[in-house]
Amino acid sequence: MSEKRALTKFLRSVEWSDVQEAKQALELMGQWEMIDVCDALELLSPVFESEEVRAYAVRVLQRADDEELQCYLLQLVQALQFEHSDKSRLSQFLVERSSRNIELASFLRCSEDNLLHWKLLDFLKAVVPFMELAPTEYGEDGSKLWQSLVHQTELVAQLGTIMREVGAIRGNTQKKIEKLRQLLYGLLSELTYFEEPVRSLLASSVLITGIVPSESSIFKSALHPLCLTFRTASGGTAR
């Protein structure tokens, strides 16, 4: 029990269907040398269904500061699919931490978007506690944080529409670029100037105010990812 890296291996060897064995294993887990944050991720895999084990993993995660937590955020969002409830300890932990840190909140929202096709997380359900908390505990700043996330969600949905439209165009990259700029100058011209600044999806400290169609393009790749240039609230541009 003094070898912390042995805990996950020990827990894998437990016959959890045996009530007595499971009880003894949990008692030993409580006496074990505390594992590192990176090892806690393994305890959130589908191998471990025990609520006590998963709760222990969350307690370990609570020791991580926000910067370290960002390193594991994508894996933690993936782990949500193995939780038994939308209001599990893991989801509550992520929402609670992100409600106090705009960068974590943005990373959580962006991670969720990248994994939508796996249906790992219903973002709106996950942030319900934050919605209730923001107006009271965080006042105006909390409300602004929530609105910022809503605007990000809307922007991502619109960019998804552009991706589908551009992807449907047959031809070389230049034709796809022409279609992209046609959309930005035409049907989706509202994206060139936002009514309210939106936090950048890649750098939450940067406020973007609109897309510059003439400087936006498409990478030469099989998936044709967008290369968008945004105006920033500081008067510059960012990609």
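Where is Gly-30 placed? Gly-30 is in helix H2, where helices (H or I, at least four residues) and strands (E, at least two) are DSSP runs, numbered from the N terminus.

## Ground rules

This is a predicted model, so to speak: local features need pLDDT of at least 70, side-chain atom pairs count only at pLDDT 80 or more, and totals for chains, interfaces and linings use all residues. Residues are numbered from 1 along each chain as its sequence is written, and side-chain values use heavy atoms, with hydrogens and water left out.

Gly-30 is exposed, at a relative accessible area of 64%. For the accessibility terms, buried is under 20% relative accessible area, exposed is over 50%, and partly exposed is in between (1.4 Å probe, protein chains only). Gly-30 and Tyr-56 sit 26 residues apart in sequence, with 8.6 Å between their C-alpha atoms.

## Helix H4

Tyr-56 brings us to H4. This helix covers residues 51-61 and is mostly covered, with eight of its eleven residues buried. Those buried residues are Val-53, Arg-54, Ala-55, Tyr-56, Ala-57, Val-58, Val-60 and Leu-61. What do they pack against? Their partners are helix H1 (7-12), helix H2 (19-31), helix H3 (37-40), helix H6 (73-79) and helix H7 (89-98).

Ser-45 lies in the loop between H3 and H4, and it counts as buried because its relative accessible area is 16%. Its side chain reaches the backbone oxygen of Glu-42 at 2.8 Å; a polar contact is a pair of N or O atoms within 3.5 Å, where within protein one must be able to donate a hydrogen and the other to accept it, and residues adjacent in sequence count only if both atoms are side-chain atoms. Leaving aside neighbours within four places in sequence, Ser-45 is in contact (heavy atoms within 4.5 Å) with Arg-54 and Phe-82.

## Two nonpolar cores

A nonpolar core here is a set of buried Ala, Val, Leu, Ile, Met, Phe, Trp, Tyr and Cys residues joined through side-chain atoms within 4.5 Å. The largest one has 28 residues, and Leu-43, Leu-61, Leu-76 and Leu-90 touch the most other members. H1, H3, H4, H6 and H7 each supply at least two residues of this core, and H4 gives the most, with six.

Take Leu-76: not counting residues up to four places away in sequence, it touches Leu-41, Leu-44, Leu-61, Leu-69, Leu-90 and Leu-94. There is also a second, separate core of 18 residues, which includes Val-166, Leu-180, Ile-211 and Ile-218.

## Rings and a charge

How many aromatic pairs turn up in a search of the whole structure? The search finds one. Rings of Phe, Tyr and Trp (its six-membered ring) pair if their centres lie within 6.5 Å; planes under 30 degrees apart count as stacked, over 60 as edge-to-face and the rest as tilted. The rings of Phe-10 and Trp-32 have centres 5.1 Å apart and planes at 20°, so this pair is stacked. It links distant parts of the chain, with Phe-10 in helix H1 and Trp-32 in the loop between H2 and H3, 22 residues apart. Phe-10 is partly exposed at 23% relative accessibility, whereas Trp-32 is buried at 13%.

Elsewhere, the charged end of Arg-231 sits over the ring of Tyr-193, 4.2 Å from the ring centre (NZ of Lys or CZ of Arg within 6 Å of the centre and within 35 degrees of the ring normal).

## Cysteines

A search of the whole structure finds zero disulfides, a disulfide being a pair of cysteine sulfur atoms within 2.5 Å. Cys-38 is partly exposed, at 41% relative accessibility, while Cys-227 is buried, with a relative accessible area of 10%.
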